[in-house]
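Here is a short briefing for a first look at this structure. Keep the sequence and the 3D view side by side as you read.

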Amino acid sequence: QQQQQQQQQGMDSIASELDDLLQLSTEQKKNLQKATEGIETERRAVEVVDTSLTAMLSNSWLMNEGVEECTKEFTSILNTTQMSKFMLWADHNSESIDQLDYVNAPPAGSQPSQGPVFVFGMDEGPHGDE
């Protein structure tokens, strides 16, 4: 939270400095605002990817040959935007993902158990916890 506030203050300072320097018209400011819509979402997506890759690199047990092979196959199918959205979704649903039991999966014909709840349609509305 504090880091976000510091980043915002830094960005506000840069914006103010550029505003003084460039002396943009109201129309130019509106055009710049339109051109940068969604940029914060993209920045967060890149941050999630960076955090995930850093975690994988610093914890060798997360990557083994089988996991690496599956990961490469999966990521080769997705384009950059899709990968960013997937990483945001995974981050948003990390608690539910942590509850999955990969080792003791129920038999195919069994009744579904009370499992984790996943959130879908993330870009349909505002995010409550961000």
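The points below cover confidence, a ring cluster and a pocket.

The model is predicted. The mean pLDDT of the protein chain is 78. Ring pairs join F74, F86 and W89 into a cluster. The second largest pocket holds about 650 Å³ of space.

**Confidence**

- In the protein chain, 82% of the residues reach a pLDDT of 70 or more.
- Among the elements of the chain, helix 2 has the highest mean pLDDT, 88.
- The lowest mean among the elements, 79, belongs to helix 6 (residues 94-99).
- Over residues 124-130, the pLDDT is below 50. Beyond near neighbours in sequence, this stretch makes four contacts in the model.
- Where pLDDT is low, predicted coordinates should not be read in detail.

**Aromatic cluster**

- How many aromatic pairs does the structure hold? There are two.
- Planes under 30 degrees apart count as stacked.
- F86 and W89 both belong to helix 5. They are three residues apart, about one turn of the helix.
- Are F74 and F86 buried, exposed or partly exposed? F74 has 37% relative accessibility and counts as partly exposed. F86 has a relative accessible area of 30% and is partly exposed too.

**Second largest pocket**

- Rolling a probe the size of a water molecule over the atoms shows where empty space is left.
- The lining of the second largest pocket consists of 17 residues. Nearest its centre lie M11, D12, A15, Q33 and T36.
- Which helices each supply at least two lining residues? Helix 1 (2-22), helix 2 (26-35) and helix 3 (39-58) do.
- Helix 1 gives the largest share of this lining, with 10 residues.
- By class, the lining has seven nonpolar residues, five polar and five charged.

Note on methods. Residues are numbered from 1 along each chain as its sequence is written. This is a predicted model: local features need pLDDT of at least 70, side-chain atom pairs count only at pLDDT 80 or more; totals for chains, interfaces and linings use all residues. Side-chain values use heavy atoms; hydrogens and water are left out. On a 1 Å grid over the protein atoms alone, a cavity is a set of points where a 1.4 Å probe fits but cannot get out, and a pocket is an open set with protein on both sides within 12 Å along at least five of seven lines; lining residues have an atom within 4 Å of a point. Grid points are joined across faces, edges and corners, and a volume is the space filled by probe spheres set on the points. Helices (H or I, at least four residues) and strands (E, at least two) are DSSP runs, numbered from the N terminus. Ala, Val, Leu, Ile, Met, Phe, Trp, Tyr, Cys and Pro count as nonpolar, Asp, Glu, Lys and Arg as charged, and the others, Gly among them, as polar. pLDDT is the predictor's confidence in each residue, from 0 to 100. Contact means heavy atoms within 4.5 Å. Rings of Phe, Tyr and Trp (its six-membered ring) pair if their centres lie within 6.5 Å; planes under 30 degrees apart count as stacked, over 60 as edge-to-face and the rest as tilted. Buried means under 20% relative accessible area, exposed over 50%, partly exposed in between (1.4 Å probe, protein chains only).
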